[in-house]
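Hi there,

Here is the structure I promised to pass on to you. Have a look at it first, and then read my notes below.

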Amino acid sequence: MKKLCIMVAIIFLLPHFNAANNHTFHYYSYDEMLQNLQKLKEKYPDIFTLHSLGKSYGGRDIFMVKISDNVSIDENEAEILFMAAHHGNEKPGYQFLLYFMEAICANYGKNESIAYLVNNAEIFIIPMVNPDGVENNTRKNMEPNGCLGENVFPVMKGVNLNRNYDAGWNEWKPWYFLSTTATPYGDLLLHLLGYPPEYRGEKPFSEKETKAIKEFVENRSFVIAIDFHTGAGEIIFYPFGYTDEKPKDITTFISIAENISRINNYSFREAGKAAIGMAIDWMYEKEDIYAFIIELSREVAPSEEEKVKEIFEKNLPVNYYLIDRAIRMHLQTLYTVKI
């Protein structure tokens with residue numbers, strides 16, 4: 001354990017690899033993201049694979065990356081999931097995950113601590129859950145709802161994917177309006193009031209994107225899952241979002257959140273009691289995954305390169321810590337079962 005702690009400490013002190021140093025900063029488009037993923041696959045074929053989980057309404061693939069030593073084999077190792085861009089206008093999340101993938105792959109053959117993480121975990125990354133939203137710079141996806149006036153008021157088009165999961169679906173109350181709307185027309189009113197759109201869809205998993213995530217997650221055994229967002233500040237959220245009920249594993253949630261906070265200096269708290277259908281609530285409630293949202297910034301998409309770089313460098317060791325924590329939790333489970 002002492003050796004492991006030293007290894008993790010070394011990770012935090014690593015010089016951070018950044019392939020974007022040689023060009024002017026900008027947020028990647030869907031095609032640019034894909035080009036970067038394909039380059040990583042070609043450069044690191046022994047530890048990096050790329051697959052599509054399905055297609056969005058606009059026909060774009062929802063890509064999933066796996067990073068591990070025996071990458072083509074399912075091993076009995078800790079599984080961890082990183083996701084971003086449930087909201088297409090929240091661009092730092094997927095850009096950060098590209099930065100993270102480049103860093104861990106580039107350092108795999110150079111640093112024992114990184115090698116330990118890759119060799120003892122199966123790391124899954126879905127950088128762009130909502131590719132249509134990214135391409136159109138919209139919070140929601142782009143599938144029409146077929147409501148009157150949708151073409152005149154595009155804000156009524158689409159579903160907030162992070163309200164479309166099966167969590168607290170029957171708990172909706174009128175005063176939840178600002179964080180979860182039950183009709184697309186509610187989004188028009190929110191828009192007029194200066195709030196972002198929050199339509200949750202006709203039913204849980206009504207959208208192609210959330211169906212793809214559901215099928216993927218249900219067929220894995222994730223220990224920890226992280227969903228990156230922006231716009232709410234520098235905050236770590238844990239379940240639940242639709243009720244003030246505490247998770248039964250609140251001690252573990254707080255332990256993980258506290259350690260993340262020690263690294264990036266973000267605050268942490270329960271997600272609240274008015275946002276229905278969030279991914280982290282569904283993953284914990286239905287799949288027993290320790291799922292968190294990490295809000296990377298107050299701004300939805302900061303444009304200053306130095307600010308974005310600071311966010312990335314501050315949170316890269318967070319991902320390393322989370323992989324290490326997932327490994328330790330997985331090993332603890334194995335030892336418990338053997339006993």
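F100 is buried, with a relative accessible area of 0% (buried means under 20%, exposed over 50% and partly exposed in between, using a 1.4 Å probe and protein chains only). Y320 is buried as well, at 1% relative accessibility. Before I go on, please keep in mind that this is a predicted model, where local features need pLDDT of at least 70, side-chain atom pairs count only at pLDDT 80 or more, and totals for chains, interfaces and linings use all residues. Residues are numbered from 1 along each chain as its sequence is written, and side-chain values use heavy atoms, with hydrogens and water left out.

Now to the rings. The structure holds 22 aromatic pairs; rings of Phe, Tyr and Trp (its six-membered ring) pair if their centres lie within 6.5 Å, with planes under 30 degrees apart counted as stacked, over 60 as edge-to-face and the rest as tilted. One of them joins F100 and Y320, a tilted pair with 6.3 Å from centre to centre and 55° between the planes. F100 sits in helix α3 (residues 92-107) and Y320 in helix α10 (residues 305-338), so the pair links distant parts of the chain, 220 residues apart. Helices here are DSSP runs (H or I, at least four residues), numbered from the N terminus. Both residues also belong to a cluster linked by ring pairs, together with F82, F96, Y99, F228 and F312.

Two charges sit over rings (NZ of Lys or CZ of Arg within 6 Å of the ring centre and within 35 degrees of the ring normal). R200 lies over the face of W169, 4.3 Å from the ring centre, and the charged end of K214 is over the ring of F205, at 5.5 Å from its centre.

K214 turns up again where helices meet: K214, V217 and E218 in α7 are in contact with W282, M283 and E287 in α9 (contact means heavy atoms within 4.5 Å). Likewise, M33, N36, L37 and L40 in α2 meet L98, M101 and E102 in α3.

Finally, what is the exposure of T333? At 48% relative accessibility, T333 counts as partly exposed. This residue lies in helix α10, and its C-alpha atom is separated by 40 Å from that of S29, 304 residues apart along the chain.

Enjoy exploring!

Best wishes

Conventions: Helix = DSSP H or I, 4+ residues; strand = E, 2+ residues; numbered from the N terminus.
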